[in-house]
Amino acid sequence: MNKKIIALSLAVVGIAVLAPMVFAQTTTTTPATTANTTSAAVTTKIACVGSAVNTREASIDTAMTAFTSATNAAYAARATALQQAYSNTTLSTVKAAVKTAWSTFSASEKSARKTWQSARNAAWATYRTAAVACKAPAGTGDGSNSVLEASGN
């Protein structure tokens, strides 16, 4: 019986000593430069997308400023035209002048809206092309948010 206990103890000790060696994970060390290059490449690609976003936002800012300026000018011109229309003394001249004021306003608004929409779409198209060229990891860009952009309606 003592022989069995000793044999069993030796077996347990042997397993305890050999098990860590058998189950040890083998790790392959990669050079630090490879890890840094990969990280640096991703960082560079993210910065590339950031640059594309900055360019897009600057273009949209310029286009929105032009749109609001054109809209403000259309409202100011309409106000002046309506003021002049109601200074007329006959109904027919008032009606004609009011119609012209509103027609001119409508055309100005339509033009401003089309210009804004064209500029906005061009900014987003340029951004998409630049972002794809960056080859950044999926989900880096914010192109899915383009639906939140003011439509100019």
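Q: How many aromatic pairs does the structure hold?
A: Four aromatic pairs. Keep in mind that this is a predicted model.

Q: Give me one. How do Tyr75 and Phe105 sit against each other?
A: They pair edge-to-face. The ring centres are 4.8 Å apart, and the planes make an angle of 65°.

Q: Is Phe105 buried or exposed?
A: Phe105 counts as buried, with 10% relative accessibility. Tyr75 is partly exposed, at a relative accessible area of 40%.

Q: Okay, what about Trp102 and Phe105?
A: Those two rings also form an edge-to-face aromatic pair. Centre to centre it is 5.7 Å, with 80° between the planes.

Q: How far apart are Trp102 and Phe105 in helix 3?
A: Three residues, so about one helical turn separates them. Trp102 itself is partly exposed, at 41% relative accessible area.

Q: Which residues form the aromatic cluster?
A: Tyr75, Trp102 and Phe105 make up one cluster.

Q: What lies over the face of Phe105?
A: Arg78 does, at 4.4 Å from the ring centre.

Q: Which ring does the charged end of Arg56 sit over?
A: The ring of Trp124. The distance to the ring centre is 4.1 Å.

Q: New topic. How many salt bridges are there?
A: The count is two.

Q: What are the side chains of Glu57 and Arg56 doing?
A: They meet in a salt bridge, 2.7 Å from N to O. Glu57 is partly exposed, with a relative accessible area of 37%.

Q: And Arg56, buried or exposed?
A: Arg56 counts as buried because its relative accessibility is 3%, under the 20% cut-off.

Q: What about the side chains of Arg56 and Asp142?
A: They meet in a salt bridge too, at 2.8 Å from N to O.

Q: Which parts does that pair tie together?
A: Arg56 lies in helix 2, and Asp142 lies in the segment after helix 3. The pair therefore ties together parts 86 residues apart in sequence.

Q: How accessible is Asp142?
A: Its relative accessibility is 25%, so Asp142 counts as partly exposed.

Q: Let's zoom out. How many helices and strands does the protein chain have?
A: Three helices and zero strands. Along the sequence, the pattern reads α-α-α.

Q: What percentage of the 153 residues is buried?
A: Buried residues make up 18% of the protein chain. Arg56 counts as buried, and so does Phe105.

Q: What about contacts with a separation of 6 or more?
A: In the protein chain, 74% of those contacts come from residues 24 or more positions apart.

Q: Last one. What does the accessible surface of the protein chain come to?
A: About 11,000 Å². Carbon and sulfur atoms account for 63% of that surface.

Definitions and conventions
Residues are numbered from 1 along each chain as its sequence is written. This is a predicted model: local features need pLDDT of at least 70, side-chain atom pairs count only at pLDDT 80 or more; totals for chains, interfaces and linings use all residues. Side-chain values use heavy atoms; hydrogens and water are left out. Rings of Phe, Tyr and Trp (its six-membered ring) pair if their centres lie within 6.5 Å; planes under 30 degrees apart count as stacked, over 60 as edge-to-face and the rest as tilted. Buried means under 20% relative accessible area, exposed over 50%, partly exposed in between (1.4 Å probe, protein chains only). Helices (H or I, at least four residues) and strands (E, at least two) are DSSP runs, numbered from the N terminus. A charge sits over a ring if NZ of Lys or CZ of Arg is within 6 Å of the ring centre and within 35 degrees of the ring normal. A salt bridge is a side-chain nitrogen of Lys or Arg within 4 Å of a carboxyl oxygen of Asp or Glu. Contact means heavy atoms within 4.5 Å. Accessible areas come from the Shrake-Rupley method with a 1.4 Å probe; for residues, only the protein chains shown count as cover.
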